[in-house]
2 protein chains.
Amino acid sequence: MFMRIDHIGIACRDLEEKIELFSSLFELEVVAREVNEEQGVKEAMLHVADGEGGGSYIQLLEPLSEDSPVGKFIAKRGEGVHHVAFGVPDVEGAMATIGGKGVRLLDERPRHGSMGSRIAFLHPKDVGGMLTELVEAAKQQ
Amino acid sequence: MFMRIDHIGIACRDLEEKIELFSSLFELEVVAREVNEEQGVKEAMLHVADGEGGGSYIQLLEPLSEDSPVGKFIAKRGEGVHHVAFGVPDVEGAMATIGGKGVRLLDERPRHGSMGSRIAFLHPKDVGGMLTELVEAAKQQ
């Protein structure tokens with residue numbers, strides 16, 4: 001079902017500061033930036049590695065407002081790991097399989113993720129306390 | 001510097017229960033189990049994927065006592081993501097490079113990690129709130 005660990009999503013107060021930190025500490029390159037109004041974040045993807053199942057990234061997330069999900073997360077828990085995303089070949093199929101095992105889906109249907117991907121979140125209480133994202137990467141042109 | 005996201009370390013109260021959960025939900029296979037007295041945990045590695053830079057895993061961690069680091073983490077924050085580990089070719093080299101940039105190392109020298117690896121932790125406050133582990137995998141025989 002899982003082809004890769006797609007990314008680690010890290011909540012941060014200042015995106016530019018954390019891009020500078022992570023890229024300088026770990027020699028990682030920013031491969032995408034975008035604002036996702038629906039999720040209330042501006043974000044950057046830093047490339048870690050490639051594998052047969054696709055790329056792995058660190059995703060840095062700055063909330064657009066304090067009452068967004070990531071804004072509330074930082075207010076409660078501080079900066080740090082917000083979610084973990086796993087690559088799947090077919091996000092609807094994975095949602096159906098995992099939802100059929102009793103895990104609550106936070107999305108009824110896939111929504112727009114980083115770099116043209118289609119994503120869905122699973123309820124952390126049903127996955128050992130880990131906010132879990134399923135990612136179907138964009139088809140390569 | 002980073003060859004892969006090596007693993008996501010997840011703190012849990014009951015290792016066997018969470019092995020059952022993660023393996024049944026996500027069709028993951030347990031490839032190693034061990035007790036690490038030094039770190040105060042019993043643990044299991046569930047294989048997610050392989051890449052050019054090595055394997056990626058979910059690591060489940062049950063504390064051996066309440067006053068161990070993982071025991072204190074669960075008491076304070078509940079079950080969930082405890083740390084993120086990145087594969088490096090040379091853990092001493094990575095420690096020297098990253099430490100030389102001002103990041104506090106939680107280990108003066110590498111210690112024993114899962115499956116014969118050599119590991120070192122970085123201070124989360126210097127890495128955006130993420131407890132970060134460097135992993136040099138065991139040499140394949």
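Predicted model: local features only at pLDDT ≥ 70, side-chain atom pairs only at ≥ 80, totals over all residues.
Residues are numbered from 1 along each chain as its sequence is written, chains are lettered from A in the order in which they are written, and side-chain values use heavy atoms, with hydrogens and water left out. Local features need pLDDT of at least 70 and side-chain atom pairs count only at pLDDT 80 or more, whereas totals for chains, interfaces and linings use all residues.

I placed B:R111 in strand β6 (residues 111–112) of chain B; strands are DSSP runs of E with at least two residues, helices are runs of H or I with at least four, and numbering goes from the N terminus. Setting aside neighbours within four places in sequence, I listed B:E38, B:Q39, B:S117, B:R118, B:I119 and B:F121 in contact with B:R111, contact being heavy atoms within 4.5 Å. From B:R111 to B:A94 I noted 14 Å, C-alpha to C-alpha, and 17 residues in sequence.

B:A94 took me to helix α3 (residues 91–99) of chain B, where B:V91, B:A94, B:M95 and B:I98 are the buried residues. They sit on the same side of α3(B), because their arc around the axis is only 100 degrees, taken from the directions from the helix axis to the C-beta atoms. An α-helix has 3.6 residues a turn, so residues three or four places apart point the same way. I then asked what these residues pack against: the partners are α1 (15–26) of chain A, together with β7 (118–122) and β8 (132–136) of chain B. At the N-terminal end of α3(B) I found B:D90 as the cap, with a side-chain oxygen 3.3 Å from the backbone nitrogen of B:E92.

Turning to the interface, I recorded 40 residues of chain B in contact with 40 residues of chain A. In chain B, the residues that lose the most area to chain A are B:I5, B:L25 and B:F26, together 20% of what that side buries. Two salt bridges cross between chain B and chain A, the rule being a side-chain nitrogen of Lys or Arg within 4 Å of a carboxyl oxygen of Asp or Glu. I looked up the salt bridge of B:K101 with A:E27, whose closest N and O atoms are 3.9 Å apart.

Definitions and conventions. Buried < 20%, exposed > 50% of the residue type's maximum accessible area, 1.4 Å probe, protein only. Polar contact = N/O pair within 3.5 Å; in protein donor to acceptor, adjacent residues only side chain to side chain. Buried area = accessible area lost by both parts, 1.4 Å probe.
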